[in-house]
Amino acid sequence: MARVLIVEDEASLARTIAYNLRRQGYDVETASDGERALDLANATRPDMVVLDLMLPGMDGFEVCRQIRRTSAVPVLMLTARDDEIDRVVGLEIGADDYMTKPFSMRELIARVKAMLRRRELLQEEIRHAGAPARDTIEAGELTLSRATRQITLRDQPIRLKPREFDLLEFLMRNRERVYSAEQLLEHVWGDSYTRDTRTVPVHVRGIRRKIEDDPSNPTRVETVRGVGYRFVG
């Protein structure tokens, strides 16, 4: 559950934003001034900040500056003024996006979702770039060796076609994550991949015949109806 910090001194607006974000499943904290916002930001480490520009005492610009000293959390800045210089300054000091009041609550929710999704994708890219791939992946009685390109099930060798091996390796490395056929083509087949998504279920069936106890009722490579495939073994 993503945590969103709302910094807004207009109590009715803060309540409305918080209510709507909680309905979307987010964990929400609120602050009505800059000092309280910084305390909550340090204590709760939010995944995103919705920050009003015009606050009593410390304004939103200064709050954003101080947050940026220690965090890259996405910041959506709100203001009642449609002044280009404010927008430019806000973005220059580290705000990621900007909305002018009055705004549609539907649009705000859409912006929040998009910004959190971008943050998630960036973190995933950083994890994948910074962590070396493991040479051996184990899942119960199934073991895959990247170095030797061998698979064993209950210590017995399993022979997969090269592309079946690549597909299974990718799914095992990203266990529990669901990928569509299009995404699997891009990740596994790469620049040389065919645009025909039917090749993915063909390879999945080949894998299942070799690693599943009952290929018609798979317990390792699952189909998520209407979405794609995931490894859960």
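The following exercises, each with a worked solution, concern a predicted model of a protein.

Residues are numbered from 1 along each chain as its sequence is written. Because the model is predicted, local features need pLDDT of at least 70 and side-chain atom pairs count only at pLDDT 80 or more, whereas totals for chains, interfaces and linings use all residues, and side-chain values use heavy atoms, with hydrogens and water left out.

**Exercise 1. Determine which residues of helix 3 are buried and on which side of the helix they lie.**

Solution. Start from the terms: helices are DSSP runs of H or I with at least four residues, strands are runs of E with at least two, and both are numbered from the N terminus. Buried means under 20% relative accessible area, exposed over 50%, and partly exposed in between, with a 1.4 Å probe and protein chains only. In helix 3 (residues 60-70), the buried residues are Gly60, Phe61, Val63, Cys64 and Ile67. They lie on the same side of helix 3 because they cover an arc of only 160° around the axis, the arc being that of the directions from the helix axis to the C-beta atoms. On the other side of helix 3, Arg69 and Thr70 are exposed.

**Exercise 2. Characterise the aromatic pair found in a search of the whole structure.**

Solution. Rings of Phe, Tyr and Trp (its six-membered ring) pair if their centres lie within 6.5 Å, and planes under 30 degrees apart count as stacked, over 60 as edge-to-face and the rest as tilted. The search finds one aromatic pair. Phenylalanine 170 and tyrosine 179 form this pair, which is edge-to-face, with 4.8 Å centre to centre and 65° between the planes. Phenylalanine 170 is buried at a relative accessible area of 8%, and tyrosine 179 is buried at 4%.
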